[in-house]
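This briefing concerns a single predicted protein chain. Please consider the sequence and the model together before turning to the points that follow.

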Amino acid sequence: MVQSRSPASGLERRLESTDNFLFAVEVESGRGPASDKKTAELSARALSLASSGIADLLCMTDNPGGYPHRSSEELGIRLLERGQDVSLTFSCKDHNRNALEGRLWAASCMGFRNVMAVSGDYPAAGRIGAPKPVFDIDSVGLLELIRRMNGACGGGERSPSGETPPNFFPGAVVNPFKRLESELSPQYQKFALKVRTGARWIITQIGFDARRSDELLRFMRRSDVNVPVFGAVFLLNPGAARAFHRGAVPGVVLTDELRSIVESEAAAPDRGRAFFEGFAAKQIAVLKGLGYRGVYISGTTQVERIRRILEIVDSFGPEDWRGFASEIQFAPRDSFFLSRPDAPLEARSNGRAATGVLKEGTAGVEGVSFGLVLGRLARRLAFDPGSPGFRIGRAVYSRTEKLDGRLSNAMHLAERAVKFPLYGCRDCGDCSLPDIADLCPESQCAKNQRNGPCGGSRDGYCEIGRKRCIWVRAYERLKPYGEQQGILERPPVIKNGALQGTSSWANAFLGRDHRAAGEAVRTNAQPSLETPSSAPIAAVSARVSGVNRRPSPAGRGRG
């Protein structure tokens with residue numbers, strides 16, 4: 001018997017039944033006990049917001065900045081009890097896929113429907129030192145998990161313990177405020193992949209450029225991506241502006257010009273409060289004029305300040321936003337834009353974003369890589385399912401797995417001898433080299449992003465360590481082949497953790513890696529997130545243990 005679906009969220013109903021411009025406010029849960037002064041103040045402000053009726057949605061963060069915070073559910077459920085619509089953020093930095101699924105089931109039982117899927121900030125040190133980052137899956141993998149959980153009530157599949165399957169209204173984030181073409185285009189491609197994977201509403205990263213905000217809608221129109229978007233507006237203050245300017249908040253860019261303005265206004269008797277509130281109001285007016293469905297306000301949870309900002313917005317004329325848009329264009333120098341400089345900002349008409357004028361870019365090209373050339377040749381000759389050597393490779397590996405394990409181990413050793421020096425292979429057993437222009441996400445991406453870049457890069461460099469983002473590099477590597485715009489035209493890639501330490505070549509030929517899951521998605525099958533092949537996880541583990549799995553340093557198989 002198919003179980004009934006949980007009630008839709010208030011946000012979903014508002015977006016579907018009205019054309020109202022909606023207001024969301026970011027809320028933190030605090031880091032101390034309930035008696036802690038700052039934690040108590042954050043909770044009191046959130047409860048005051050819920051009572052005020054100002055916000056259509058309060059969005060709970062998940063360990064923002066990578067620092068440990070109190071559970072957002074604890075405060076969120078108190079807000080729900082007051083009739084406030086709430087969104088919970090789920091990040092991948094601190095939990096693996098099973099822990100995320102368990103938390104999602106618990107949230108569903110508590111009555112939460114709106115969820116925001118993010119990869120998350122890189123974890124920061126807590127009371128007993130720095131943690132090991134998890135990033136078992138990324139934001140796209142999390143959206144796929146949510147999609148399958150929601151689908152449990154659509155295909156007759158019973159949910160764990162027999163509870164009513166959830167009816168989550170999942171959201172995601174996009175960062176359109178990137179300087180380089182090789183940063184911006186992969187961001188948009190990942191945005192489109194998130195929507196294909198089930199994101200129903202979108203929030204942008206914090207930014208200070210109306211032209212970028214306009215271009216996001218143009219991209220959506222050109223790409224036929226139709227989801228409601230909330231533009232992020234941060235209520236600036238001198239401290240936050242300095243942090244943004246020096247890159248302390250990954251993905252947020254504040255230019256020298258805007259910092260100078262902030263510092264000048266902060267010297268006023270009111271320390272710039274009136275200016276900052278007016279600036280936020282102008283940003284909101286621009287978003288409304290362009291056709292965004294709402295604004296995501298952060299930087300304050302004070303009812304009085306938010307109400308004052310909204311009163312300023314209401315005082316503007318219907319066409320004032322155009323002038324504000326000309327003022328608020330603080331993009332870094334030499335920034336790449338999708339539209340030509342002479343393309344005017346346009347309001348959305350008839351519910352659809354303006355098409356505008358889009359241009360092709362001229363991104364840099366990374367130097368020729370022997371690893372890329374060799375990888376492309378190997379796939380063309382043997383690893384692509386339709387290639388001449390694929391059937392031979394499948395027959396060879398199928399035969400060797402039935403023989404003495406020493407031969408399989410020797411073949412695995414030969415594979416590692418090739419892949420480790422060329423690609424920095426970490427022997428994950430579920431290789432994503434073909435997905436990222438022969439760059440290994442295990443060894444070259446701090447967050448192991450297999451479905452496009454996170455939003456934290458700055459000028460093409462990773463937020464962790466001084467190294468170039470692998471997705472920037474992948475875009476530049478593929479541009480000479482004309483393949484850079486289709487890098488994410490595929491199903492989500494979800495690594496199979498059961499294959500760690502096994503031969504990725506054997507797993508590719510024998511249909512055990514994520515490519516098998518991709519084929520299943522194309523044929524509407526529903527493979528397990530833990531085992532992307534049609535075989536049960538126990539069978540896969542039994543096949544690989546003692547055969548393809550290399551021994552631990554102690555000479556024993558891993559438990």
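T61 is buried, at a relative accessible area of 10%; buried denotes under 20% relative accessible area, exposed over 50%, and partly exposed the range in between, with a 1.4 Å probe and protein chains only. This is a predicted model, in which local features need pLDDT of at least 70 and side-chain atom pairs count only at pLDDT 80 or more, while totals for chains, interfaces and linings use all residues. Residues are numbered from 1 along each chain as its sequence is written, and side-chain values use heavy atoms, with hydrogens and water left out.

**Surroundings of T61**
- T61 belongs to the loop that connects β2 and α3.
- Apart from neighbours within four places in sequence, T61 is in contact (heavy atoms within 4.5 Å) with E26, V27, E28, S72 and T89.

**The chain overall**
- The chain has 20 helices and eight strands; helices (H or I, at least four residues) and strands (E, at least two) are DSSP runs, numbered from the N terminus.
- Of its 559 residues, 55% count as buried.
- Among contacts in the chain with a separation of 6 or more, 77% come from residues 24 or more positions apart.
- The chain exposes about 24400 Å², of which carbon and sulfur atoms supply 52%; accessible areas come from the Shrake-Rupley method with a 1.4 Å probe, and for residues only the protein chains shown count as cover.

**Helix α2**
- Helix α2 (residues 37-52) has 16 residues and should span 22 Å at 1.5 Å a residue, which agrees with the 22 Å between its end C-alpha atoms; the expected span is 1.5 Å times one less than the number of residues.
- T39, L42, S43, A46, L47, L49 and A50 are the buried residues of α2. They lie on the same side of α2, because they cover an arc of only 155° around the axis, the arc being that of the directions from the helix axis to the C-beta atoms.
- These buried residues pack against β1 (22-27), β2 (57-60), α3 (72-81) and α11 (303-315).
- K37, K38 and S51 are exposed on the other side of α2.
- At the N-terminal end, D36 caps α2, with a side-chain oxygen 3.2 Å from the backbone nitrogen of K38.
- G53 follows α2 and has a positive phi, near 75°.

- Strand β7 (residues 229-234) is largely enclosed by the rest of the structure, because six of its six residues are buried.
- V229, G231 and V233 point one way from β7, F230, A232 and F234 point the other way, and all are buried.
- In a regular strand, side chains alternate between the two faces of the sheet.
- Strand β6 (residues 201-204) pairs with β7 in the parallel sense over two bridges, where pairing requires that DSSP finds at least two bridges between the strands. F230 in β7 is the bridge partner of I203.
- Strand β4 (residues 114-118) is mostly covered, with five of its five residues buried.
- Strand β3 (residues 86-91) and β4 pair in the parallel sense over five bridges, and V115 in β4 is the bridge partner of L88.

- Most residues other than glycine have a negative phi.
- D334 has a positive phi near 60°; D334 lies in the loop between α12 (320-327) and α13 (370-383) and counts as exposed, at 69% relative accessibility.
- A437 has a positive phi of about 55°; A437 lies in the loop between α15 (405-423) and α16 (441-444) and counts as buried, at 5% relative accessibility.

Definitions and conventions
Polar contact = N/O pair within 3.5 Å; in protein donor to acceptor, adjacent residues only side chain to side chain.
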